[in-house]
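Subject: Structure handover

Hello,

Here is the structure for you to look over. My notes follow below it.

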Amino acid sequence: MFPKSIALEAYNRSGRRCECKCSYHNHGQKCQNILIWNRRGFNGSGGWEVHPIDNNGLVSLDNCEILCKSCFRLVKKIKNKDLANPGLCSMRPALKNSISTTTTTGL
Ligand SMILES: [Zn+2]
Ligand SMILES: [Zn+2]
């Protein structure tokens with residue numbers, strides 16, 4: 001879980017908008033849902049979460065993205081079955097990494 005200090009930095013970096021760029025969600029190129037600082041974890045309008053780009057990565061600003069609640073839910077869902085469906089959410093660097101790791105081991 002990301003501490004408040006990193007969450008705040010990421011929140012400022014995001015420009016108070018969802019940073020999701022997943023082309024498989026129905027928000028086009030970038031989500032940009034407006035997020036409200038004191039609604040972290042809130043399940044509704046303005047709600048958001050800090051999501052680790054790489055689950056095994058560092059707890060750092062570089063390894064997190066700010067997602068609105070709806071994207072967060074979608075990303076979680078896809079991550080749980082990412083190995084079964086590597087084509088899904090291919091925009092996400094974390095998935096790219098896990099895919100290339102499995103391919104390298106195969107070679
Ligand atoms: Zn979003
Ligand atoms: Zn999204």
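Which residue in β2 does glutamate 49 stand opposite? Glutamate 49 faces leucine 67. The two strands, β1 and β2, pair in the antiparallel sense, with five bridges.

Please keep in mind that this is a predicted model. The mean pLDDT of the protein is 81, and 72% of the residues reach at least 70.

**Layout**

The protein has three helices and two strands. Read from the N terminus, the order is α-β-β-α-α. Of the 107 residues, 26% are buried. Among contacts with a separation of 6 or more, 46% join residues 24 or more positions apart.

**Strand β2**

Five of the five residues of β2 are buried, so this strand is largely enclosed by the rest of the structure. Cys64, Ile66 and Cys68 point one way from β2. Glu65 and Leu67 point the other way. In a regular strand, side chains alternate between the two faces of the sheet.

**The core**

The largest nonpolar core has 18 residues. Within this core, Cys18, Ile66, Leu67, Cys68 and Cys71 touch the most other members. At least two core residues come from each of α1, β1 (48-52), β2 (64-68) and α2 (69-80). Cysteine 71 also deserves a look for its contacts. Leaving out residues up to four places away in sequence, cysteine 71 touches Cys18, Cys20, His25 and Cys31.

**Alanine 10**

Alanine 10 sits in helix α1. Is alanine 10 buried or exposed? Alanine 10 counts as buried because 21 other C-beta atoms lie within 10 Å, and the cut-off is 20 or more. Beyond its neighbours within four places in sequence, alanine 10 is in contact with Val50, Leu61, Cys64 and Ile66.

**Where to be careful**

Helix α1 (residues 4-14) has the highest mean pLDDT, at 97. Helix α3 (residues 93-106) has the lowest, at 47. Two stretches need caution. Over residues 83-88 pLDDT stays under 50, and the model has four contacts there beyond four places in sequence. Over residues 94-104 pLDDT also stays under 50, with 10 such contacts. Where pLDDT is low, the predicted coordinates should not be read in detail.

Best wishes

Conventions:
Residues are numbered from 1 along each chain as its sequence is written. Chains are lettered from A and ligands numbered from 1 in the order in which they are written. This is a predicted model: local features need pLDDT of at least 70, side-chain atom pairs count only at pLDDT 80 or more; totals for chains, interfaces and linings use all residues. pLDDT is the predictor's confidence in each residue, from 0 to 100. Helices (H or I, at least four residues) and strands (E, at least two) are DSSP runs, numbered from the N terminus. Two residues are in contact if their C-beta atoms, placed from the backbone, lie within 7 Å. A nonpolar core is a set of buried Ala, Val, Leu, Ile, Met, Phe, Trp, Tyr and Cys residues joined through C-beta atoms within 7 Å. A residue is buried if 20 or more other C-beta atoms lie within 10 Å of its own, exposed if 12 or fewer, and partly exposed in between; C-beta atoms are placed from the backbone. Two strands pair if DSSP finds at least two bridges between them.
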